[in-house]
Amino acid sequence: MTDYDDIVKQIAGCTRCSLSERRTRTVPGAGSTSADIMFIGEAPGYNEDQQGLPFVGAAGNVLTDLLAGIGLRRSDVYITNMVKCRPNNNRDPLSSELEACSTYMDAQIGLINPKVIVTLGRFSFGKFFPGRSISRERGKPRSWRGRMIYPMYHPAATLHNPRLRPALENDFRNLLPLVEEVIAMPPDADVADEEKPPEQQMSLF
Ligand code: SF4
């Protein structure tokens with residue numbers, strides 16, 4: 001059993017929070033476990049809970065389309081959520097649930113070791129930069145503990161508000177140049193700062 005399989009197995013048997021009580025299936029994540037890009041959403045919805053896979057409903061179709069628009073398949077990246085079990089009626093995850101599940105999220109980040117983490121929506125962005133406004137910060141890559149965090153709107157937000165779609169498409173277009181710039185950085189480059197002031201941030205946009 002690989003270390004990744006071990007994480008999946010631990011999630012499958014997890015009862016660390018009450019979301020375990022009504023789930024159909026756990027939704028650990030999917031994609032390449034050696035991906036340079038990790039997408040982190042919020043929580044599984046109905047379809048994800050039924051299938052045990054992340055982003056397979058309407059919002060998942062948006063994500064798949066946006067990936068295809070920049071020449072990527074879902075199997076080229078790793079996709080997961082902040083919590084691995086579905087909240088009832090698709091409510092927002094509670095802070096206690098986010099905290100309980102952070103063990104798995106942190107383990108996945110450490111094991112997959114992505115160059116760029118794309119946060120989809122406010123909950124995953126809040127894990128790295130608490131209290132920041134996603135509408136103000138989206139599209140701005142920030143360094144965090146040796147990685148780049150790249151915040152975007154959640155694809156579901158564009159279903160509720162189609163006017164957000166151009167911003168999401170624009171952020172996707174800038175994703176691959178960001179990954180390439182991070183990969184090209186020398187190993188001792190200063191990407192370990194929690195946050196660089198705007199004038200020192202990467203000169204991508
Ligand atoms: S949401 Fe996370 S912490 Fe809560 S039961 Fe599911 S796997 Fe465990």
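Below, we go through the sheet, then a pair of helices, some loop residues and the ligand shell.

Colleague: Before anything else, what kind of model is this?
Modeller: Local features are read only where pLDDT is at least 70, and side-chain atom pairs count only at 80 or more. That's because what you have on screen is a model that was predicted.

Colleague: How many bridges join E4 to E6?
Modeller: On the E2 side, 4 bridges join the two strands, which run parallel. E4 and E6 (residues 147-152) run parallel too, and the number of bridges joining them is 5.

Colleague: Which residue of E6 stands opposite Val116?
Modeller: Val116 is in E4 and is the bridge partner of Ile37. Over in E6, the residue opposite Val116 is Met148.

Colleague: Is E4 largely enclosed or left open by the rest of the structure?
Modeller: Val116, Val118 and Leu120 point one way from E4, while Ile117 and Thr119 point the other way, and all are buried. A residue counts as buried with 20 or more other C-beta atoms within 10 Å of its own. That covers 5 of the 5 residues of E4 (residues 116-120), so the strand is largely enclosed.

Colleague: Now the helices: are H1 and H4 roughly parallel or antiparallel to each other?
Modeller: The axes of H1 (residues 3-12) and H4 come within 11 Å, and H1 passes H4 in a left-handed crossing. They cross at roughly 170°. Angles over 145 degrees count as roughly antiparallel, and therefore H1 and H4 are roughly antiparallel.

Colleague: Is Pro44 buried or exposed?
Modeller: Pro44 is found in the loop between E2 and helix H2 (46-51). Phe55 is 11 residues from Pro44 in sequence and 7.4 Å from it in space, C-alpha to C-alpha. Pro44 has 31 C-beta neighbours inside 10 Å, so it counts as buried.

Colleague: What about Asn89, buried or exposed?
Modeller: Asn89 lies in the loop between strand E3 (78-81) and H4, and its phi is near 55°, a positive value in a residue other than glycine. Because Asn89 has 6 other C-beta atoms within 10 Å, it is exposed.

Colleague: What is the phi of Asn90?
Modeller: Asn90 also lies in the loop between E3 and H4. With 14 C-beta neighbours inside 10 Å, Asn90 counts as partly exposed. Its phi is positive, in a residue other than glycine, and the value is near 60°.

Colleague: Last one: which helix gives the largest share of the shell around the ligand?
Modeller: The ligand is surrounded by 14 residues, and the closest are Cys14, Cys17, Ser20, Cys85 and Cys101. They divide into 8 nonpolar, 3 polar and 3 charged. The largest share, 3 residues, comes from helix H4 (residues 95-112).

Note on methods:
Residues numbered from 1 in each chain as written. Near = placed C-beta within 6 Å. Nonpolar A, V, L, I, M, F, W, Y, C, P; charged D, E, K, R; others polar. Buried ≥ 20, exposed ≤ 12 C-beta atoms within 10 Å, placed from the backbone. Pairing = 2+ DSSP bridges. Axes fitted to C-alpha atoms, helices over the stretch in contact; angles between N-to-C directions. Parallel < 35°, antiparallel > 145°, perpendicular 65-115°, else oblique. Left-handed = near helix turned anticlockwise from the far one by under 90°.
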